[in-house]
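Please read the following alongside the sequence and the model.

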Amino acid sequence: MKYLVVDDSKLARLSLVKSLKANIEKAEIFQAVNGVEALKVMHSEKPNIVFLDLTMPEMDGYEALPKLLEINANAKVVVVSADIQTKAKERVIALGAQLHMQKPINADKMKEILDII
Amino acid sequence: MQVFDLTEDEKDVLQELMNVAYGNATAVVAEMLDAFASLSIPNIKVIQTDELLATFSELKSESYFFSTQAFNGEFKGESAFFINQTSANNLAKHLELESSEDLDDAILELTNVLTSTLTTKLSQEMDTEVSFSLPSLSKIPLQEIGKTSAFKHYSQVIVIDTDLNFQDQQIHGKIFILTKDESIQWLKTKLNSILELLI
């Protein structure tokens, strides 16, 4: 399985990668710092699961989400965001995300996510 | 006076912690106003107080409501919330408020909920606790900001600023968290320990 972690924060990316590695022995993990980079990785690597932040420079998660699914309709996108407003959750689900999870993500929360998807 | 600066990694960690805290605070306020807010990326910088006053002057509003709330603990400082007259009027309209007293009260409550939720969550993320003083509200012209007593306690501050932005209701505010000199070294140590745990 290939995983893509998209977040402009190094801390958030490190935290997601660590929690992924705690749950999956041989995870192939790619990283991107915004939506533009995420689209490039989606083109080149076709990751199966994408962890996507919403508030990012260049291209935010709302804009990137449908474009990622356009490139690979089979990818599962989990939005990982600090924006926990009900309307934000509804919006990303309508755009095609499988899940909306509140930041920060630890190993237990990651296990929950992986069990669900 | 010792001059501090934050490394790129320290800024990144603080920005992300602030992002999480602000997300929580915004959700509470959005529910209170029954509206949807768009979130922006927090901006972090260490500056001298006179630069801070210049930053405030960039708000380019002639008249605005300005409220502050001090917090104490290992992490010590003050949060400040600005909302200009137009946004305040839109807030009054949105909440169907009839008098200026009601509007003052609504802004104070908004400040209290916003800044205390924000600072509490930020402190939790850094594994510490803070206590709050009551928020105070003033309506002052821009050129008098330098006379505001809140900023006389600071020589150098870490400023974390972000926007409160309810697009549909045309309500926009700006939030600053100002950290006192004595908290800066504590903050730097804490940010580095958070990062080291992940590497």
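Which residues have the most contacts inside the largest nonpolar core? They are A:Leu4, A:Val50, A:Leu52 and A:Val78, in a core of 76 residues. A nonpolar core here is a set of buried Ala, Val, Leu, Ile, Met, Phe, Trp, Tyr and Cys residues joined through C-beta atoms within 7 Å. A residue is buried if 20 or more other C-beta atoms lie within 10 Å of its own, exposed if 12 or fewer, and partly exposed in between, with C-beta atoms placed from the backbone. H1(B) supplies the largest share of this core, 11 residues.

This is a predicted model, in which local features need pLDDT of at least 70 and side-chain atom pairs count only at pLDDT 80 or more, while totals for chains, interfaces and linings use all residues. Residues are numbered from 1 along each chain as its sequence is written, and chains are lettered from A and ligands numbered from 1 in the order in which they are written. Helices (H or I, at least four residues) and strands (E, at least two) are DSSP runs, numbered from the N terminus.

Five strands of chain A form an open, parallel sheet in the order S2-S1-S3-S4-S5. Two strands pair if DSSP finds at least two bridges between them. Strand S2 (28–32) and S5 of chain A are the edge strands, each pairing on one side only. From one strand to the next the twist averages 20°; axes are lines fitted to C-alpha atoms, for helices over the stretch in contact, and angles run from 0 to 180 degrees between N-to-C directions.

The pairings can be followed across the sheet. S1(A) and S3(A) run parallel and are joined by four bridges, with A:Leu4 opposite A:Val50 in S3(A). S3(A) is also joined to S4(A) by four bridges, again in parallel, and A:Ile49 has A:Lys76 of S4(A) as its bridge partner. Strand S4 (residues 76–81) of chain A in turn pairs with S5(A) in the parallel sense over four bridges, where A:Val78 stands opposite A:Leu99.

What covers S3(A), and on which faces? Both faces are covered: A:Ile49 and A:Phe51 on one side and A:Val50 and A:Leu52 on the other are all buried. Two residues are in contact if their C-beta atoms, placed from the backbone, lie within 7 Å. By that rule, and leaving aside neighbours within four places in sequence, A:Val50 is in contact with A:Leu4, A:Val6, A:Leu68, A:Ala75, A:Val77 and A:Val78. Helix H1 (residues 10–23) of chain A lies across strand S1 (2–6), S2, strand S3 (49–52) and S4 of chain A, and runs at about 155° to S1(A).

A:Pro104 sits in the loop between strand S5 (99–102) and helix H5 (107–116) of chain A.

Chain B has five helices and seven strands. Of its 199 residues, 39% are buried. Among its contacts between residues at least 6 apart in sequence, 77% join residues at least 24 apart.

Where do the chains meet? In chain B, 21 residues are in contact with 17 residues of chain A. Helix H1 (8–33) and helix H5 (181–198) of chain B are the elements that give two or more residues to this side. H1(B) gives the most, with 13 residues.

Two loop residues of chain B have positive phi without being glycine. For B:Glu96, phi is about 55°, and this residue lies in the loop between helix H3 (85–94) and helix H4 (100–125) of chain B. B:Glu96 is exposed, with 7 other C-beta atoms within 10 Å. For B:Asp127, phi is near 60°; its place is the loop between H4 and strand S4 (130–132) of chain B. B:Asp127 is exposed too, with 10 other C-beta atoms within 10 Å.

Last comes confidence. The predictor gives the complex an ipTM of 0.81 and a pTM of 0.84. Among the elements of chain B, H1(B) has the highest mean pLDDT (90) and strand S5 (residues 136–141) the lowest (68). Where pLDDT is low, the predicted coordinates should not be read in detail.

Methods:
pLDDT is the predictor's confidence in each residue, from 0 to 100.
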